[in-house]
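Keep the structure open while reading.

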Amino acid sequence: MGRGVAALLVVAAVGGCTVQPGQDDGKSRSPVRIELPDSASPTPRATTPSATPSTSAPAKVLWSRGDTGRDIRELQARLRQVAWIFEGPTGTYDDATEEAVKGFQGKRGLPSTGETDSVTWQRLRRMTHEPGKWELYLMGGQPADAPDPRCMTGRVLCISKSSRTLRWMVDGRTLKTLPVRFGSDYTPTREGVFHVYWKSRDHYSTLYDSPMPYAMFFSGGQAVHYSTDFAARGYAGASHGCVNVRDQAAITELFDEVRDGDKVVVHW
């Protein structure tokens, strides 16, 4: 009997089973119970991670170098609000715009592509406010409104306060259109019909200690003239009542074309 139990224990150990012998009181022995593996339970399988991690699609490019239009003006105006562009909006996605976008992206840990994608645009929008009309056209470029009826005959400097533009018109035809700037609320530009009574190419204002080149006077001390401040700051500033022009080449040509006695119409 002892030899048989011992043999059975050896077999159980080799087979990997659990053997629970009964208590030996010298008189009787309980039968040996052998636990076998449950053949119905599946053997666990090792899992391996996916060889290719999931990646999100790249952000959609909205605008890039060479694009033009109102959207580009808004992009540039918003970049100007956060001091990545210092020139006013031009409406053209140029080198300066590309460099500004790269800088903005790099500062915020975005891919520095210089292209404005949807992620870059949403980040910029959250940091800025909706630009107003004269932020979009800070340095000019805005469309001119319709000329006043009083501008439709003769030789006229037709100046609109609504669109901040000057039309040089002859017999109802517009020969030149320029962005212009006016006086502040404290020194407003007068409105009405006037005439050029004096031209002074290299004029200097002793009252305001300021140069007024290519001045064409039409009402007291108020004149159409070139302004370096307008050229530098755009509509962020104002004149002392004169009609400022920021395009020096254009006003040089205009000065040579306008004659004493030509009509000046300042209107809304």
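## Helix 2 against helix 3

The model is predicted. Start with helix 2 and helix 3. Their axes lie 11 Å apart and meet at an angle of about 55 degrees. Angles from 65 to 115 degrees count as roughly perpendicular, and those under 35 as roughly parallel. Helix 2 and helix 3 are therefore oblique to each other. The crossing is left-handed.

Which residues make the contact? Helix 2 supplies L75, Q76 and L79, while helix 3 supplies T97, A100, V101 and F104. By class, this contact of helix 2 with helix 3 holds 5 nonpolar and 2 polar residues, with no charged ones.

## Helix 2 against helix 4

Helix 2 spans residues 70–81, and helix 4 spans residues 118–127. They pack with axes 10 Å apart, at an angle of about 55 degrees. Helix 2 and helix 4 are therefore oblique to each other. Their crossing is left-handed.

On the helix 2 side, the contact residues are E74, L75, R78 and L79. Helix 4 answers with W121, L124 and R125. By class, the contact of helix 2 with helix 4 has 4 nonpolar and 3 charged residues, and no polar ones.

E74 takes part in two of the pairs described here. One partner is R70, with the closest N and O atoms 2.5 Å apart. E74 and R70 are 4 residues apart in helix 2, so about one helical turn separates them. The other partner is R78, at 3.0 Å from N to O. E74 and R78 are likewise 4 residues apart in helix 2, about one turn of the helix.

How buried or exposed are these side chains? Residues under 20% relative accessible area count as buried. E74 is at 7%, so E74 counts as buried. R78 is at 2% and counts as buried too. R70 has a relative accessible area of 39%, so R70 is partly exposed.

R70, E74, R78 and E130 are linked in a network of salt bridges.

Where does E98 find a partner? E98 forms a salt bridge with R65, and the closest N and O atoms are 2.4 Å apart.

E98, at 12% relative accessibility, counts as buried. R65 is partly exposed, with a relative accessible area of 48%.

## The whole chain

Now step back. The protein chain comprises 7 helices and 13 strands. It has 268 residues, and buried residues make up 38% of them. A search of the whole structure finds 14 salt bridges.

Contacts across the sequence can be counted as well. Take contacts between residues at least 6 apart in sequence: 53% of them join residues at least 24 apart.

Technical notes:
Residues are numbered from 1 along each chain as its sequence is written. This is a predicted model: local features need pLDDT of at least 70, side-chain atom pairs count only at pLDDT 80 or more; totals for chains, interfaces and linings use all residues. Side-chain values use heavy atoms; hydrogens and water are left out. Axes are lines fitted to C-alpha atoms, for helices over the stretch in contact, and angles run from 0 to 180 degrees between N-to-C directions. Helices (H or I, at least four residues) and strands (E, at least two) are DSSP runs, numbered from the N terminus. Angles under 35 degrees count as roughly parallel, over 145 as roughly antiparallel, 65 to 115 as roughly perpendicular and the rest as oblique. A crossing is left-handed if the near helix is turned anticlockwise from the far one by less than a right angle, and right-handed if clockwise. Contact means heavy atoms within 4.5 Å. Ala, Val, Leu, Ile, Met, Phe, Trp, Tyr, Cys and Pro count as nonpolar, Asp, Glu, Lys and Arg as charged, and the others, Gly among them, as polar. A salt bridge is a side-chain nitrogen of Lys or Arg within 4 Å of a carboxyl oxygen of Asp or Glu. Buried means under 20% relative accessible area, exposed over 50%, partly exposed in between (1.4 Å probe, protein chains only).
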